[in-house]
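Here are my notes on the model you sent. Please read them with the structure open.

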Amino acid sequence: MQMEEATVRQLVKDAESLAGKEVLLRGWIRNNRDQKAFGFIALNDGTHFNSIQVVYEQEYLSNFEEVARLGVGSAISVSGCLALTPEAKQPFEIKASKIVVEGESPGDYPIQPKQHSREFLREVAHLRPRTNLFTAVFRVRSLLAFAVHRFFQERGFIYLHTPIITANDAEGAGELFRVTTLDPLNPPLNEEEKVDFSRDFFGRKTNLTVSGQLEAEAFVLAFRKVYTFGPTFRAENSNTPRHAAEFWMIEPEIAFADLNDNMNLAEEMVRYLITYLLDNAAVEMEFFNRFVEKGLLERLEKLASADFARITYSEAIKLLGRAKEKFVYPVSWGSDLQTEHERYLTEKALGKPVFVTDYPADIKAFYMRLNDDGKTVAAVDLLVPGVGEIIGGSQREERVAVLKQRMGVFNINPQDLWWYTDLRRFGGVKHAGFGLGFERVIMYFTGVNNIRDVIPFPRTVNSCDF
RNA sequence: UCCUCAGUAGCUCAAUGGCAGAGCGACCGGCUGUUAACCGGUAGGUUGCAGGUUCGAGUCCUGCCUGGGGAGCCA
């Protein structure tokens with residue numbers, strides 16, 4: 001008789017009613033402890049953070065010896081009876097009547113039933129999803145991605161796929177990855193003996209996108225509310241726990257909206273995501289709270305209920321000027337906030353997430369709307385304790401004349417972005433948006449403090465393994 | 001890119017300039033309810049790489065490589 005296959009997720013949910021029933025499970029061994037005539041296997045079947053204890057006995061298994069020798073990492077199918085064990089560490093276990101070895105794992109399997117360093121696990125990135133930490137991290141990553149879509153879809157946003165390959169060279173958001181089919185050893189040359197990109201695949205210089213914002217602005221003037229959620233590429237030589245060459249960014253854009261609407265959206269979104277996680281990943285969050293960052297849950301619950309702070313850049317400068325803290329970098333109006341300043345603001349002065357708005361125009365991008373004072377732009381950064389900047393956004397400059405003047409200041413030829421200025425000519429309205437670093441949100445919500453540990457196969461400077 | 005710390009067994013780490021070790025893992029054996037099981041035994045090393053100082057270098061010096069942390073850039 002073919003037994004119906006069960007999952008650990010189902011068992012956890014319906015343990016009471018399934019007690020005494022025969023079930024079939026398939027999964028991977030996390031730990032195997034054999035004794036003379038019986039043994040215990042911690043089995044993880046991938047459907048739940050928790051592993052299930054399988055009890056096997058010589059008396060009931062024809063292949064007891066084989067099972068007892070199975071190493072960590074081996075794959076098996078288990079048929080057995082679900083037994084409630086209220087007095088034990090685990091609420092229930094499986095008494096095996098049959099175990100089929102699906103795939104053995106020899107003694108050089110690198111993952112042991114103990115704590116490994118994150119650095120070591122990065123070197124075995126193909127196996128690390130079989131550890132508790134990465135099981136939890138990538139479950140949360142998946143849940144958060146879904147929550148992002150749900151948040152926007154519930155509010156009538158259109159999900160927009162902006163191009164991965166672009167010819168936009170104008171935004172200045174960091175170094176670009178060139179996309180080319182030219183032979184690097186023998187490229188075609190023009191009359192000036194320089195590489196002739198007109199003979200490249202697209203007939204021009206192209207690169208991987210550093211942001212979908214400009215394209216999102218085109219769509220927001222048709223759909224009113226749009227968001228992008230996709231990979232982004234920066235060829236920066238950044239060596240920090242917060243930067244990757246390939247990461248995912250969420251970029252909502254809203255029309256008929258100003259900077260305040262923008263912040264309201266950002267705040268509502270961050271809160272929504274936290275609440276979603278606490279409601280849907282309780283086991284994983286409890287794990288992070290215990291083993292990754294003590295007090296994480298308390299911090300997030302507080303975050304979900306308290307308002308974020310909002311201060312202008314000029315207020316922030318005053319606040320920093322009055323601080324007793326000794327800063328390495330001087331605080332002065334006109335220069336960008338240093339990491340130590342941002343940390344002081346969000347961690348010490350205010351002790352919660354803070355929107356800093358209205359930065360000096362000189363240190364922000366050309367597309368940000370010039371304020372009436374002529375000195376600042378309607379920009380906003382969201383700073384959070386521990387991680388720093390997770391959101392950067394602005395109200396966009398919708399006035400053609402001002403936009404062109406600002407392009408001039410930044411040495412951008414308006415012809416190169418003719419379509420972008422066109423958007424202002426034809427029914428342009430005030431609009432705003434922001435970019436949210438998806439990985440930084442995961443870091444912030446899980447306490448995992450290195451971006452390389454929240455990306456399945458991270459790409460960073462000098463590292464593109466797997 | 002700059003500053004800083006580190007690199008010793010598969011993993012986590014010890015070793016005053018003087019015999020290269022432990023715990024875990026692996027392998028072999030024991031154990032009637034374990035749960036990072038426990039107990040006994042065995043194997044396992046070009047001390048990141050290349051030079052140098054020294055009677056003698058894992059240890060000191062120089063360069064390089066790799067990794068962590070900090071800074072810049074940013075999400």
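Contact, as used throughout, means heavy atoms within 4.5 Å.

1. Ground rules. This is a predicted model: local features need pLDDT of at least 70, side-chain atom pairs count only at pLDDT 80 or more, and totals for chains, interfaces and linings use all residues. Residues are numbered from 1 along each chain as its sequence is written, chains are lettered from A in the order in which they are written, and side-chain values use heavy atoms, with hydrogens and water left out.

2. Confidence. The score is pLDDT, the predictor's confidence in each residue, from 0 to 100. Chain A averages 93, and 98% of its residues score at least 70. Helix 8 (residues 296–305) has the lowest confidence, at a mean of 90. Strand 6 (residues 158–159) has the highest, at 98. Helices (H or I, at least four residues) and strands (E, at least two) are DSSP runs, numbered from the N terminus.

3. Main core. A nonpolar core is a set of buried Ala, Val, Leu, Ile, Met, Phe, Trp, Tyr and Cys residues joined through side-chain atoms within 4.5 Å. Buried means under 20% relative accessible area, exposed over 50%, and partly exposed in between (1.4 Å probe, protein chains only). The largest core has 66 residues. Leu144, Met269, Leu273, Met285, Phe288 and Phe445 touch the most other members. Helix 4 (residues 132–154) gives the most to this core, with 12 residues. Take Leu144: beyond residues up to four places away in sequence, its contacts are Leu273, Leu277, Phe438, Val441, Ile442 and Phe445. Another core, of 32 residues, lies apart from the largest one and includes Leu319, Ala323, Met368 and Ala379.

4. Helix 9. Which residues of helix 9 (residues 313–322) are buried? They are Tyr313, Ala316, Ile317, Leu319 and Leu320. The face turned away carries the exposed residues Lys318, Gly321 and Arg322. Strand 12 (309–312), helix 10 (339–349) and strand 13 (354–360) are among the elements covering the buried residues.

5. Domains. Bounds come from an automatic or database domain assignment. For chain A it gives domain 1 (8–103) and domain 2 (130–174 + 210–453). Their centres, taken over C-alpha atoms, are separated by 45 Å. The contact takes 9 residues from domain 1 and 9 residues from domain 2. The area buried between them is about 720 Å², with carbon and sulfur atoms giving 50%. Buried area here is the accessible area (1.4 Å probe) that two parts lose on being put together, summed over both.

6. Glu284. This residue is found in helix 7 (residues 282–292). Is Glu284 buried or exposed? Glu284 is buried, with a relative accessible area of 5%. Leaving out residues up to four places away in sequence, Glu284 touches Phe49, Ala136, Arg139 and Val140.

7. Gln35. Look in the loop between strand 1 (22–34) and strand 2 (38–44). Gln35 is partly exposed, at 43% relative accessible area. Leaving aside neighbours within four places in sequence, Gln35 is in contact with Phe40 and Phe64.

8. Positive phi. Glu193 has phi near 65 degrees, a positive value in a residue other than glycine. Glu193 sits in the loop between strand 8 (178–179) and strand 9 (206–208) and is exposed, at 59%. Asn462 has a positive phi of about 65 degrees and is not a glycine. Asn462 lies in the segment after helix 13 (438–446) and counts as exposed at 81% relative accessibility.
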